[in-house]
Amino acid sequence: SSGINAEWPLRPGGMDEAVRQQLVDDHFLFVSGDPNLISAGMERDWPEGRGIFHNKDKTFLVWANEEDQTRIISMQMGGDVKAVFERLARGISAVQESVKKESGKDFLFDEKYGYIHSCPTNLGTGMRASVHIDLPGWTAEGLDSLKARCEELKLQPRGTRGESGGQTGCTFDISNKHRLGYSEVELVQCMIDGVNILFKEDLELQSKHGL
């Protein structure tokens with residue numbers, strides 16, 4: 001009922017290396033080797049006990065045992081954030097119902113702190129809404145300037161290779177900074193409004209730097 005029709009066995013040797021690397025290169029799969037996860041005891045040698053489930057179009061994915069036990073992802077090319085959010089809501093419900101039916105357990109939730117995650121920064125909704133956007137003007141202005149502006153807009157800039165993958169070129173992953181104290185709808189709207197502001201300012205910065 002969840003629409004997942006492609007899966008990779010969660011066992012050593014369960015995924016062909018070429019397939020794994022292609023999923024990483026296409027930004028669908030996490031990578032191993034994060035020193036923070038290793039030092040916290042949250043990472044085991046790939047691919048033991050870890051893996052990915054995704055639909056045919058790779059617009060809905062579930063990561064198993066990356067940092068959290070489950071990470072549910074909705075994504076697609078283009079700017080239709082509403083469609084991505086609606087798919088995410090349907091997918092979360094489907095996974096939640098499946099887990100309940102299989103194990104009798106539910107997602108771990110605290111009335112004060114919201115959904116419980118491995119990383120304290122994800123307490124609350126646990127939701128990160130993001131877009132990949134080219135910002136050549138802000139790149140010319142400097143990464144520190146972009147970070148400061150994102151802080152004012154309650155946003156977080158990252159490289160497109162993930163939280164610890166570094167930054168290359170002028171394409172950034174821009175997302176909501178907060179998880180706790182806001183609703184999912186508020187966080188998505190914050191991201192949309194902030195990205196629109198950054199894009200408008202980027203055009204002005206391109207003119208300033210003669211791009």
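**Figure 1. The crossing of helices α5 and α6 in the predicted model is right-handed.** The two helices, α5 and α6, pack at an angle of about 145 degrees, and their axes lie 11 Å apart. From α5, the residues L146, R149 and C150 take part in the contact, and they meet I197, L198 and E201 of α6. Sorted by class, this contact of α5 with α6 comprises 4 nonpolar residues, no polar residues and 2 charged residues.

**Figure 2. Helix α5 has buried residues and, on its other side, exposed ones.** Helix α5 spans residues 143–152, and L146, R149 and C150 are buried within it. Viewed down the axis of α5, the buried residues fall within an arc of 100 degrees, so they line one face of the helix. On the other side of α5, the residues D144 and E152 are exposed. Which elements cover the buried residues of α5? The covering elements include α4 (136–141), β8 (155–158), β9 (171–176) and α6 (184–208).

**Figure 3. Residue E201 is a buried member of helix α6.** The relative accessible area of E201 is 18%. This value counts as buried because the term applies under 20% relative accessible area. When neighbours within four places in sequence are left aside, E201 is in contact with W138 and R149.

**Figure 4. Two cysteines, C150 and C190, are shown with their accessibility.** Is C150 buried or exposed? C150 is buried, with a relative accessible area of 0%. C190, by contrast, is partly exposed, and its relative accessible area is 21%. A disulfide is a covalent bond between the sulfur atoms of two cysteines. The structure holds 0 disulfides.

**Figure 5. Residue K154 follows helix α5 and has a positive phi.** The residue lies in the loop between α5 and β8. The phi of K154 is about 60 degrees, a positive value, although K154 is not a glycine. With a relative accessible area of 37%, K154 is partly exposed.

**Figure 6. Residue K58 also has a positive phi and lies in a loop.** The loop that holds K58 runs between β2 and β3 (60–64). The phi of K58 is near 60 degrees, and the residue is other than glycine. At 25% relative accessibility, K58 counts as partly exposed.

**Figure 7. Helix α1 packs its buried residues against strand β2.** Helix α1 covers residues 17–25, and R20, L23 and V24 are buried in it. They cover an arc of only 100 degrees around the axis, which puts them on the same side of α1. The strand that these buried residues of α1 pack against, β2, comprises residues 51–54. Just after α1 comes H27, which takes a positive phi of about 65 degrees.

**Figure 8. Residue N122 is a buried loop residue in contact with residues from elsewhere in the sequence.** The loop that contains N122 lies between β6 (114–115) and β7 (130–134). Is N122 buried or exposed? N122 counts as buried, at 11% relative accessibility. Not counting residues up to four places away in sequence, N122 touches E67, R71, Y115, H117 and R179. How many residues separate N122 from R179 in sequence? N122 and R179 are 57 residues apart in sequence, while their C-alpha atoms are 5.8 Å apart in space.

**Figure 9. The whole chain provides the setting for the close-up views.** The chain contains 6 helices and 9 strands. Of its 211 residues, 35% are buried. Among the contacts in the chain with a separation of 6 or more, 57% are accounted for by residues 24 or more positions apart. The pair N122 and R179, at 57 residues apart in sequence, is shown in the view of N122.

Technical notes. Residues are numbered from 1 along each chain as its sequence is written. This is a predicted model: local features need pLDDT of at least 70, side-chain atom pairs count only at pLDDT 80 or more; totals for chains, interfaces and linings use all residues. Side-chain values use heavy atoms; hydrogens and water are left out. Buried means under 20% relative accessible area, exposed over 50%, partly exposed in between (1.4 Å probe, protein chains only). Helices (H or I, at least four residues) and strands (E, at least two) are DSSP runs, numbered from the N terminus. The arc is that of the directions from the helix axis to the C-beta atoms. Contact means heavy atoms within 4.5 Å. Axes are lines fitted to C-alpha atoms, for helices over the stretch in contact, and angles run from 0 to 180 degrees between N-to-C directions. A crossing is left-handed if the near helix is turned anticlockwise from the far one by less than a right angle, and right-handed if clockwise. Ala, Val, Leu, Ile, Met, Phe, Trp, Tyr, Cys and Pro count as nonpolar, Asp, Glu, Lys and Arg as charged, and the others, Gly among them, as polar. A disulfide is a pair of cysteine sulfur atoms within 2.5 Å.
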